[in-house]
Amino acid sequence: RILVTGALGQIGSELVLELRKQYGAENVVATDIRREENEVTTSGPFELLDVLDGKKMAEIANKYQVDTMIHLAALLSATAEKKPLLAWNINMGGLVNALEVARELQLQFFTPSSIGAFGPSTPKDNTPQDTIQRPNTMYGVNKVAGELLCDYYFQKFGVDTRGLRFPGLISYVTPPGGGTTDYAVEIYYEAVKRKKYTSFIGQGTYMDMMYMPDAIQAIIQLMEADPAKLIHRNAFNVTAMSVAPEHFEAEIKKHIPEFILEYDVDPVRQQIAESWPNSLDTTAAEEEWGFQAKFDLSKMTKDMLEKLKVKLNQK
Ligand code: VAH
């Protein structure tokens with residue numbers, strides 16, 4: 001059985017449904033700090049859980065006799081810059097609670113890291129798996145500390161911890177909240193709704209991106225990988241494309257020719273974006289557990305626009 005925290009978030013809401021499909025609905029316990037009436041809370045077990053309540057987390061893990069913990073609850077980069085201390089408390093306090101439950105119950109453990117775990121002094125192009133990590137955002141500090149803590153729990157306590165450094169994730173199911181890469185999701189929604197979008201990230205700003213189906217597949221593939229083959233654990237570089245706002249514009253215009261992209265750069269999120277890599281080297285993930293993204297920009301754009309036209313019921 002699998003316990004998922006942050007199950008109503010951008011990753012959680014799709015991961016829970018895919019895990020229930022693959023492992024059986026009853027075997028995936030979704031938890032989040034609030035309840036919503038949707039497929040995540042109605043297609044299998046759901047529990048209210050604030051990840052700062054370690055006691056409640058342990059109770060739920062025991063109640064359902066889980067053997068795996070997927071810890072997703074966190075504040076993203078832009079929100080973390082607005083409320084750095086709250087971000088530290090939630091991102092690190094939640095992670096320590098989740099790792100302690102995993103240690104006590106000997107659970108397999110997954111939590112995401114991010115391209116945000118790199119900083120201005122990291123090589124920007126083809127960023128290596130092993131390289132300098134001096135992020136200058138609270139989110140990045142949380143992600144580097146999280147990577148080190150997860151490796152520590154593996155080395156010190158034998159907890160089978162595994163992680164992925166996710167790029168910006170693009171999905172049409174649940175929008176992200178408070179991320180720097182959120183422009184890459186908003187642009188599709190606005191293209192369908194208004195055939196126009198004003199980007200808060202500037203032209204020529206490259207960041208790694210990935211379509212959510214590839215991210216979900218990567219989590220499951222990593223968690224099922226042979227541990228003997230893992231040289232790295234926390235956390236693997238993964239990405240599908242290195243793109244800037246104008247690349248989304250060009251691709252969207254192939255489907256919506258009258259689409260207009262304008263810019264109104266948000267200095268805070270622009271500064272975060274510029275501190276991150278342009279493109280990651282994913283050799284370690286490919287070699288150690290067969291990572292392979294299936295969606296490039298053109299395939300993702302076609303699918304996003306088709307799905308959003310239905311979701312926003314535009315013809
Ligand atoms: C963010 N979507 O923007 C997240 C992610 C790499 C980006 O960490 O903060």
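Guide: Let us start with Met-300, which counts as buried because its relative accessibility is 0%; buried means under 20% relative accessible area, exposed over 50% and partly exposed in between, with a 1.4 Å probe and protein chains only. This is a predicted model, where local features need pLDDT of at least 70, side-chain atom pairs count only at pLDDT 80 or more, and totals for chains, interfaces and linings use all residues. Residues are numbered from 1 along each chain as its sequence is written, and side-chain values use heavy atoms, with hydrogens and water left out.

Met-300 sits in helix α12, residues 297–311; helices (H or I, at least four residues) and strands (E, at least two) are DSSP runs, numbered from the N terminus. Leaving aside residues up to four places away in sequence, Met-300 touches Ile-170, Tyr-188, Met-210, Tyr-211, Met-241, Phe-248 and Phe-295, where contact means heavy atoms within 4.5 Å. By C-alpha atoms, Met-300 is separated by 33 Å from Met-92, and the two are 208 residues apart along the chain.

Tyr-188 is among the buried ones, together with Tyr-183, Ala-184, Val-185, Ile-187, Tyr-189, Glu-190, Ala-191 and Val-192. After α7 comes Lys-195, with a positive phi near 55 degrees.
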